[in-house]
Amino acid sequence: MLQHAIEDIKLEDIKQPNIKPKEIKKALKMAVMSLFSASAYAADNPWQVETSGLLYSESDSRVSAVEPVVSARKEFADEHYLNLKLVVDALTGATPSGALPSNSVQTFTRPSGNGSYIIQPGELPLDNTFHDTRVALSANWEQPLSDRLRGQTGVNFSQEYDFTSLGVSGNLARDFNDRNTTLSAGINLENDWIKPEGDIPTPFAAMQPEGAVQARGDSSDSKTVVDFLFGVTQVINARTVMQLSYSISQADGYLTDPFKILSVVDDATGDLVTTDAYRFENRPDKRSKQSLYWQTNYRLDRDRISFSYRYFWDDWDIKSHTLDLSYRWNFAENQFIEPELRYYQQTQAEFYEPLLLASDLLNDTLPEFASADQRLAEFNAVTVGVKYQRQLANNQHWNARLAMYQQSGEGSPDGVFGSNAQFDLFPSLTAVIAQVGYGFEW
Amino acid sequence: MGLNGNALHINQCAGGLVGRFRAMGCPCEIVLYGQPADLKPAMQQAYQCVVQLEQKYSRYVEGNMVARINAGQRVEVDSETVHLLEFAQRCYQLSDGLFDITSGVLRNLWRFTKDASVPNIEAIVGLLPLIGWQKVDWQPPYIQLRPGMQIDLGGIVKEYAVDQVAQHIESTPLSGFLINLGGDIYVEQQDLSYPAWRIGIERPDAGPVITLEIRRGGVATSGATHRYLWHQGKRYGHILNPKTGWPLEDAPQSITVASNTCTEAGLWSTLAMLQGIHAEAFLAENSVQSWCYR
Amino acid sequence: MKKSLALWLCLLSLSACSNMGVKSWDRNLLAKPDMALNDDPITNAFNEHIYFSKEASSGGRGFGGGGCGCN
């Protein structure tokens with residue numbers, strides 16, 4: 001009888017259309033907001049602003065950089081965010097040019113062709129011409145696209161004296177398993193334009209003395225980079241979350257460093273040849289990079305451990321391992337200290353050559369690609385650092401970080417012989433990293 | 001001054017003031033931290049705010065706005081009541097009709113004590129025509145009920161009161177406060193030199209107490225651990241389905257939610273409770289910080 | 001060989017994923033800000049820029065925030 005009675009009772013038209021379960025969170029928040037319409041609860045969300053300054057300084061008067069950053073984030077509607085970032089990057093100092101040290105004084109021409117610099121006997125040639133200021137702007141928008149799907153899109157722009165970069169990116173992330181699993185896929189497209197002072201050097205052309213006509217090609221060139229990133233984030237248990245990502249990147253275009261050179265040496269003695277001793281380097285115009293990245297965050301009752309490993313490989317024959325470990329020590333409710341440790345190791349590019357042989361130039365048997373850029377050599381590097389942060393009232397905080405980076409390579413790599421064997425071609429590079437930051441709401 | 005002699009009792013505590021009183025049928029507690037000179041007036045202000053809301057919306061006060069509405073008169077309500085009734089209507093829509101402030105008449109039939117019995121089926125069916133928000137003549141700011149219908153704002157007003165009190169005392173320079181009206185809570189403690197508020201999550205079983213550490217936000221609990229009855233070997237909770245007149249099946253014993261405000265927390269816990277067997281899934285789907293006990 | 005092994009690891013981990021996880025009420029620790037996988041985007045961006053200009057590898061965690069002429 002009860003059943004019969006229930007069927008008789010029909011719901012009359014509900015005054016507004018039915019709300020789909022997916023929109024319930026938004027609808028609920030709006031309902032509560034309307035209830036307190038003239039109140040602080042309906043207040044506009046503030047901008048979350050982070051300002052920070054990085055100081056990077058290498059030993060032995062090599063590179064120094066100062067990099068102030070301002071970044072801001074604001075929620076415009078439920079889970080709709082705008083992120084903006086401005087970076088200014090001022091670089092000074094000297095970097096190895098790729099040429100070998102010598103027992104005699106060496107003179108190199110500056111890239112513009114209107115000047116030269118002198119390197120003393122036994123010194124590793126460092127080119128201090130490059131000092132530049134870069135300004136970079138990026139904007140990124142993220143929002144939910146449906147109940148469990150989030151999207152992001154962004155644009156990046158960067159400008160320095162001889163280099164312009166413009167890029168766009170997009171990303172989708174989908175939750176599964178009660179939001180315990182997230183799959184994401186992203187794409188990044190970037191185009192860079194290089195307009196080096198003194199124009200693009202002809203590969204393996206000889207560096208001419210100051211004032212003479214340099215062998216040059218176009219005044220500018222460009223490259224395009226396409227990146228794909230696929231990731232899965234998984235909650236393992238109440239204390240553990242992991243991320244596994246795979247990324248693949250394809251670069252096409254001008255990938256050579258227009259300022260790097262190689263020394264030409266005599267086949268027998270290893271001494272520098274007497275004329276046209278310095279040649280501009282040449283790299284392939286394609287590069288395909290891939291990496292696998294795995295990160296684990298583990299939460300203790302008070303502190304947090306974070307560990308990550310990246311394996312990288314590309315078609316220039318470079319393979320690298322990166323291990324990162326940090327321990328956040330939340331020793332007080334509003335402060336923490338976080339020591340960090342990073343170990344990095346890479347193999348050399350297949351066209352890495354510390355020098356060129358005179359006979360190869362004479363007989364036109366030079367390799368197609370060659371570079372003596374230390375960044376393409378085999379080396380390992382360690383970073384040790386510590387970060388401190390303090391929370392203040394009104395959602396403000398300040399932080400500071402101090403770290404040391406040290407690179408150690410092969411002082412006498414394969415291919416070095418004769419008079420060059422006495423030199424350390426890869427002196428230990430040590431750099432201090434210091435950072436201070438302040439975050440607030442506006 | 002208070003309802004039925006439920007006066008405000010104020011005591012000192014380390015760094016602040018604690019005010020206790022009874023209102024809305026439950027024990028209430030307000031803790032304020034800050035400069036001593038500011039605290040006493042703020043405490044009085046908070047107490048008055050709760051008392052006034054109770055006077056206005058309690059079913060037990062003769063001649064108040066709710067009483068006139070329940071008498072079947074056509075009543076022009078004030079703007080605060082417009083907001084509350086619009087909110088109640090929204091809850092009705094969001095819950096697909098399961099949350100309904102006109103379902104209070106069923107209370108006359110169901111008694112949730114251990115030895116009570118299930119009411120007569122004909123009596124339940126007889127009440128169903130008097131239930132249903134869609135039958136209310138609501139053209140803001142005018143409301144009129146059909147003869148025999150009743151509205152009960154008890155399910156909304158307590159959490160609303162918590163957030164209203166918070167709003168009132170927010171203008172006072174306090175370093176932190178806690179408002180607890182019978183388990184519906186809102187706290188703030190933005191001063192990092194003080195510890196965060198620790199709120200124990202009530203649970204019907206004998207498990208260890210879970211403590212929530214919270215610096216800003218509201219906590220509300222749906223369901224009570226002791227109001228139910230047994231019938232033919234089955235335990236019936238006290239949340240009634242307004243469409244059938246019967247208690248909801250397979251609802252959790254209690255759901256506690258922590259959210260930005262007490263009203264939001266209360267709405268989540270109520271809506272979740274109304275999902276019955278799907279309560280936990282509903283909360284997980286919406287990433288609501290919650291604790292369900294069956 | 002290494003590449004296909006890596007891809008298999010990915011697929012395996014995905015299928016194992018559906019049984020793992022926690023209920024919404026157990027997310028207490030996971031919700032702490034230091035458990036975010038990228039809990040300090042500014043420091044991570046500084047580091048990525050330094051390592052991009054001093055080393056041959058890049059990327060992994062996410063996309064770079066834009067090119068620079070430093071490599």
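Reader: What volume does the second largest cavity have?

Author: About 100 Å³. Keep in mind that this is a predicted model, where local features need pLDDT of at least 70, side-chain atom pairs count only at pLDDT 80 or more, and totals for chains, interfaces and linings use all residues. Residues are numbered from 1 along each chain as its sequence is written, chains are lettered from A and ligands numbered from 1 in the order in which they are written, and side-chain values use heavy atoms, with hydrogens and water left out.

Reader: What counts as a cavity, and how is its volume worked out?

Author: On a 1 Å grid over the protein atoms alone, a cavity is a set of points where a 1.4 Å probe fits but cannot get out, and lining residues have an atom within 4 Å of a point. Points are joined across faces, edges and corners, and the volume is the space filled by probe spheres set on them.

Reader: Which residues lie nearest the centre of the second largest cavity?

Author: A:Thr109, A:Pro111, A:Met207, A:Phe259 and A:Phe280, out of 15 lining residues. By class, that lining has seven nonpolar, three polar and five charged residues. Ala, Val, Leu, Ile, Met, Phe, Trp, Tyr, Cys and Pro count as nonpolar, Asp, Glu, Lys and Arg as charged, and the others, Gly among them, as polar.

Reader: And how is the lining of the largest cavity split by class?

Author: Eleven nonpolar, three polar and one charged. Residues nearest the centre of the largest cavity include A:Gly98 and A:Tyr352.

Reader: Now the strands: how do they pair in a sheet?

Author: Strands of a sheet pair through backbone hydrogen bonds, either parallel or antiparallel. A strand here is a DSSP run of E, at least two residues, and a helix is a run of H or I, at least four, each numbered from the N terminus; two strands pair if DSSP finds at least two bridges between them. In chain A, three strands form an open sheet in the order β15-β14-β20, with mixed pairing. β15 (278-280) and β20 (356-357) of chain A stand at the edges with a single partner strand each, so one side of each has no neighbour in the sheet.

Reader: What is the bridge partner of A:Val264 in β20(A)?

Author: A:Leu356. Strand β14 (residues 261-265) of chain A runs parallel to β20(A), and two bridges join them.

Reader: How many helices and strands does each chain have?

Author: Chain A has three helices and 23 strands, while chain C has two helices and zero strands.

How values were computed: On a 1 Å grid over the protein atoms alone, a cavity is a set of points where a 1.4 Å probe fits but cannot get out, and a pocket is an open set with protein on both sides within 12 Å along at least five of seven lines; lining residues have an atom within 4 Å of a point.
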